[in-house]
Amino acid sequence: MQKIIEKIMRFHEEEKGSLIPILQAVQKECGYISEEAVNAIAKGIKMSEHEIYGVATFYAQFRFTKPGDHQIRVCVGTACHVRGGEQIMEMVEKTLNIKSGETTPDSIFSLESVACMGCCALAPVMVIDNKIYGNVASPAVDNILSHYRSPNVEE
Ligand code: FES
């Protein structure tokens with residue numbers, strides 16, 4: 001990871017104005033913004049780690065925990081909300097014992113909420129990696145997640 005960050009820092013040179021593109025590049029390459037990355041960026045562009053977290057946490061696009069093997073996105077947009085999206089989110093949180101924005105301790109799943117997946121006719125919608133699950137019912141959540149716990153699951 002250190003070499004990736006160094007390469008990104010060289011590419012963006014030592015300018016404070018480069019912080020957002022640097023953070024985007026690090027997240028693209030590493031999947032998240034680690035403490036190690038923030039430390040290296042702080043040294044590279046001469047900002048404090050506190051300042052970097054202050055900017056980065058303002059943007060919802062940045063994540064600070066390592067993503068799991070499978071990314072779960074539960075839609076809580078209007079159409080999904082009306083058709084039970086919040087209950088789907090609660091069921092996923094309860095089943096995995098994590099909250100939105102967290103990763104399970106075994107690093108299998110990461111969970112996040114999204115505002116709309118662009119397929120409102122299928123509401124409520126849950127997406128795991130790139131697979132869309134439409135018209136999801138709360139009792140089906142555990143069964144869907146079980147499929148991804150299998151070591152032979154295709155992504
Ligand atoms: S509101 Fe959920 S897919 Fe559009």
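Start by selecting residues 35-45, which are helix 3, and residues 49-56, which are helix 4. The two helices pack with their axes 9 Å apart, at an angle of about 115 degrees. Helix 3 is therefore roughly perpendicular to helix 4, since angles of 65 to 115 degrees count as such. Their crossing is right-handed. To see the contact itself, show the side chains of V38, N39, I41 and A42 on helix 3, together with E49, I52 and Y53 on helix 4. These contact residues comprise five nonpolar, one polar and one charged. Keep in mind throughout that this is a predicted model.

Next, select K46, in the loop between helix 3 and helix 4. K46 is not a glycine, yet its phi is positive, at about 55 degrees. Is K46 buried or exposed? K46 counts as exposed because 10 other C-beta atoms lie within 10 Å, and a residue with 12 or fewer is classed that way.

Now zoom out and colour the protein chain by domain. The domain assignment gives domain 1 as residues 2-56 and domain 2 as residues 70-149. Taken over C-alpha atoms, the centres of domain 1 and domain 2 are 30 Å apart.

Move to strand 1, residues 70-75, and pick I72 within it. I72 is buried, because it has 25 C-beta neighbours inside 10 Å and the cut-off for a buried residue is 20 or more. Which residues does I72 touch, leaving aside its neighbours within four places in sequence? Its contacts are V92, F109, S110, L111, M126 and I128.

S107 is another stop for backbone angles: its phi is positive, near 60 degrees, in a residue other than glycine. With 13 other C-beta atoms within 10 Å, S107 is partly exposed.

The last stop is the loop between strand 2 (109-114) and strand 3 (126-128), where P124 is found. Select A123 along with P124 and look at the bond between them. A123 and P124 are joined by a cis peptide bond, with omega at about -5 degrees.

Conventions:
Residues numbered from 1 in each chain as written. Predicted model: local features only at pLDDT ≥ 70, side-chain atom pairs only at ≥ 80, totals over all residues. Helix = DSSP H or I, 4+ residues; strand = E, 2+ residues; numbered from the N terminus. Contact = placed C-beta atoms within 7 Å. Axes fitted to C-alpha atoms, helices over the stretch in contact; angles between N-to-C directions. Parallel < 35°, antiparallel > 145°, perpendicular 65-115°, else oblique. Left-handed = near helix turned anticlockwise from the far one by under 90°. Nonpolar A, V, L, I, M, F, W, Y, C, P; charged D, E, K, R; others polar. Domains from an automatic or database assignment.
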